[in-house]
Amino acid sequence: QVQLVESGGGSVQAGGSLRLSCVVSGYTDTSMGWFRQAPGKEREGVAAIRTGGGTTVYADSVKGRFTISRDNAKNTLYLQMNSLKPEDSAIYYCAAGGGWMPAQFMLRSSLYNNWGQGTQVTVSS
């Protein structure tokens, strides 16, 4: 049974940092990603990573501020978020199950079929 469990969310002031973690059990996959969904908005891809070659992709809105990484030995996915802005506030989800996919598709939520329960990130101005 696949399980993805996120942690690390919380409330910070603008300019602050948070580190999200996602422990994955029962599954190993080529592509994993972080997505977020704010109230009234669609879920959007934030960052994704491919194991092996280590390919990473980022949404334009987080480039230079967020870093995705993966510790395969610990089956854990991370998202380091720096210089947070109020518009980063959302529920953040980790996802797996897409298999190998071209980099330009790695932020498409429809291509992932396993999701965590989400962790809330709130950034105040």
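**Exercise 1. How many helices and how many strands does the secondary structure of the protein contain?**

*Solution.* The structure is a predicted model, in which local features need pLDDT of at least 70, side-chain atom pairs count only at pLDDT 80 or more, and totals for chains, interfaces and linings use all residues. Residues are numbered from 1 along each chain as its sequence is written, and side-chain values use heavy atoms, with hydrogens and water left out.

Step 1. Helices (H or I, at least four residues) and strands (E, at least two) are DSSP runs, numbered from the N terminus.
Step 2. The count comes to 0 helices and 11 strands.
Step 3. Along the sequence, the pattern is therefore β-β-β-β-β-β-β-β-β-β-β.

**Exercise 2. Determine how the radius of gyration of the protein stands against the globule rule.**

*Solution.* Step 1. The radius of gyration is taken over C-alpha atoms, and the globule rule is 2.2 Å times the number of residues to the power 0.38.
Step 2. For 125 residues the rule gives 14 Å, and the radius of gyration of the protein is 13 Å, close to that value, so the protein is as compact as a globular protein of that length.
Step 3. Along the principal axes, the C-alpha atoms fill a box of roughly 40 × 25 × 25 Å.

**Exercise 3. Identify the residues that touch the most other members of the largest nonpolar core.**

*Solution.* Step 1. A nonpolar core is a set of buried Ala, Val, Leu, Ile, Met, Phe, Trp, Tyr and Cys residues joined through side-chain atoms within 4.5 Å. Buried means under 20% relative accessible area, exposed over 50%, and partly exposed in between (1.4 Å probe, protein chains only).
Step 2. The largest core holds 26 residues, of which Trp34, Val46, Phe66, Leu77, Leu79, Met81 and Tyr92 touch the most other members.
Step 3. Elements giving two or more residues to this core include β3 (18-25), β4 (31-37) and β5 (44-50).
Step 4. Another core, of 7 residues, lies apart from it, and includes Phe35 and Tyr112.
Step 5. Trp34 belongs to strand β4 and is buried, at a relative accessible area of 0%.

**Exercise 4. Is Arg65 buried or exposed, and which residues does it contact?**

*Solution.* Step 1. Arg65 lies in the loop between β6 (56-58) and β7 (66-71).
Step 2. Its relative accessible area is 10%, so Arg65 is buried.
Step 3. Contact means heavy atoms within 4.5 Å. Leaving aside neighbours within four places in sequence, Arg65 contacts Gln80, Met81, Asn82, Ser83, Leu84, Lys85 and Asp88.
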